[in-house]
Amino acid sequence: MTPRAWRAQVLRGLAAPAAAVALSLVAGAVIMALSGVSPAVAYVSLLRGALGSPEAIGRTLQNATPLILTGIAVAFAFRGGLFNIGGDGQFAAGATAAAWAGVTLSLPPVIGPVAVLALGGLAGGLVGALAGALKARFGAHEVVTTIMLNFIVADLSTWLLLHPLSAHSQVPGSDFALPSNRLPMIGGGLAGAHLGLVVALAGAVVASVVLWRTPYGMELRVSGLAPRTARYMGASPTVAAAAALGGGGLFAGLAGAGEVLGTYGHMTVPFVTSLGYLGIGVALLGRNHPVGCVAGGLVLGALSSGGQQMQFDVGISAHLIDVLVGIVLLFVTVQTLRRRTGPRRARAARLAVGGR
Amino acid sequence: MKALHLAALLVVPVMVVTGCGGDGSATATGTNSQVAIKPGVVTDIGGLGDHGFNDLASTGLKVAEKNLGAEGRVLVPQTPADYANNLNQLAQSGFQPVFGIGFTFTDAITAAAKQFPNTHFGIIDSVVEAPNVTSLVFREEEGSYLTGVVAGLMTQVKTDYTNPADKVVGFIGGQESPLIEKFGAGYKQGVLSVCPDCQVLYQYVGTTTQAFSDPGTGSEIASNMHSKGADVIYHAAGASGDGLFKVAQDQKFFAIGVNVDQAQTNPNAPVLTSVLKRVDTAVTSTIEAQTKGTWKAGVQSFGLSNQGIALAPFGKFDSVVPESVKTAVADAQQKIVDGSLKAATTLAEVGGK
């Protein structure tokens, strides 16, 4: 692909999510105006909370860090033709593994967090691969198995945290990870932002390279786009399926481990949930491209930190942000559907809507 | 109009505050000495409208606004990562005392207290050791003991809802945890104190926080317990308790509520009484201490003796409850208040599950 064509494609890729965000902000303005709040004032506050100070930027980055990774978890599997709805379970598996390893493994700095993160990624990957294996071996639909595994992992994780891993302190959950295993803060006034961000960015690069620059990625993508072609190529689509979910799970596991080692320091009961599900939105926003997920994670992260500022300054319920995110995803989904009904099913779709 | 409103809010508290002296700490983080009392509350991610702690804390804040002229703010975080941010927002803007509602705030309050040493913080249901944190904890077992006395006696009385043939009562806990065990242990002890041969069925809805919002499982457990003869069932299971109320209404047996007077929030269900956990009182009194300059760090324990824990009135069942039961409850309350009786906090003290 020529650089110019590539640039054009990137711009096209950005246009749709950008339009979705813009439209949702318009819709949000209408809702605010209806509830008697000046949208201009509110949005200035949103912007200030998201990007207005080093602290605000730090919070946005902190929010974005796990979202980027859970987004990649969805996007990676999707490139293999599979829907990974198991981000929450894979996240919890990674977090639980990190909660254990963070306390148990006494390693030198740098090696410590890397090793613990690797274990977290491995745990998430195994949970993903389990769903993949069930698909490969028995044809069990991954949407069902990944959702079911979310519950299994959540309950197992809670049990582990309340019993063998319990710190027996007043906050139920694991003990704090050893300082040498913690992910350091980025610093520079970027409150809350930790080096997990670097892990997330590296994850996006690695996922892109694997998908588009390795034979494994090629097989995976062909399996996703055209399973029969993949079989003719000699690839086993079922193995590719297991690998797609396993690879996806690895990123969600990293997200969980990163939150334990970075943001929270230990894993509590309850621990953060729904980051896995939000990852679906991030992936949609990022057009199922790992690098797009970075942008998607940053957008959702900024909306979240900005929303808290909006709540504080203007007194708007932070739920409005959930509404905005919902509207963004709705628009992105509509665009995606339109695109998917584009080339391949164009005729049928056009017939269905009465021609164009 | 808005400016006028603001001015009124500022002037009234100043009139209150200036009469009360104080140790100066109330204004430590303010921009001037005439600052209003600005208490802040950060709810947990459940947010407002939970008919539980968050609403109670918000009520406590509103009472303080009304009675003390405080100018408060309630912030609702979206994720636990927002906890620190919300506490900082309030502390930075001169709000205090700043409350974190629930033990999930333990880490965030610990960090915020260090970061803002001149701001007073409060935490519900957890203990944070810091010179600027007051920890508001409750002796839930005391109210649970009283309600156990009610259950143990009522199951032996013939009413439209109870059958003396089976001396069985039940307890439904939300998430298995030491906190919920306090409710169950006190209850069981209370039941056995008045009915040693009573059977106390004891079950948790689950092991995750989901267990507090699962009325389906709540109703299954209630139904199952009732089929085994339980005719009075107490719950400490949050919204899962709604399942109990539904079944109690359909199958006609007594339910006992928790935290707020659930007979009022479920007018059609046979809610005999509720164990009130007055998070609102705790919040209001802490804010009041701030205005009076009597705020102090450390653990503030709320129980029957200081009305932090109480039994809701029997309401529409007042005529059904025999005078002897009311006397027994009053006796038990007296013993707990004067210290001659200590309610159990663990199941181990009352012969296990």
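Angles under 35 degrees count as roughly parallel, over 145 as roughly antiparallel, 65 to 115 as roughly perpendicular, and the rest as oblique. This is a predicted model, where local features need pLDDT of at least 70, side-chain atom pairs count only at pLDDT 80 or more, and totals for chains, interfaces and linings use all residues. Residues are numbered from 1 along each chain as its sequence is written, with chains lettered from A and ligands numbered from 1 in the order in which they are written.

Start with residues 54-79 and 290-314 of chain A. These are helices α3(A) and α12(A), whose axes come within 6 Å and cross at roughly 140°, so the pair is oblique. The contact residues split into 14 nonpolar, 8 polar and 1 charged (Ala, Val, Leu, Ile, Met, Phe, Trp, Tyr, Cys and Pro count as nonpolar, Asp, Glu, Lys and Arg as charged, the others, Gly among them, as polar).

Now hop to chain B and pick 241-251, helix α8(B). Of its 11 residues, 8 are buried (20 or more other C-beta atoms within 10 Å of a residue's own, C-beta atoms being placed from the backbone); B:Leu244 and B:Phe245 are among them. Step just past the helix and you'll find B:Lys252 with a positive phi of about 55°.

Next, colour the open sheet of 6 strands in chain B, ordered β7-β6-β8-β9-β10-β12 with mixed pairing (strands pair if DSSP finds at least two bridges between them). Zoom in on β9(B) and β10(B): they run parallel, joined by 5 bridges, and B:Val258 has B:Val275 as its bridge partner.

Definitions and conventions. Axes are lines fitted to C-alpha atoms, for helices over the stretch in contact, and angles run from 0 to 180 degrees between N-to-C directions. Helices (H or I, at least four residues) and strands (E, at least two) are DSSP runs, numbered from the N terminus. A residue is buried if 20 or more other C-beta atoms lie within 10 Å of its own, exposed if 12 or fewer, and partly exposed in between; C-beta atoms are placed from the backbone.
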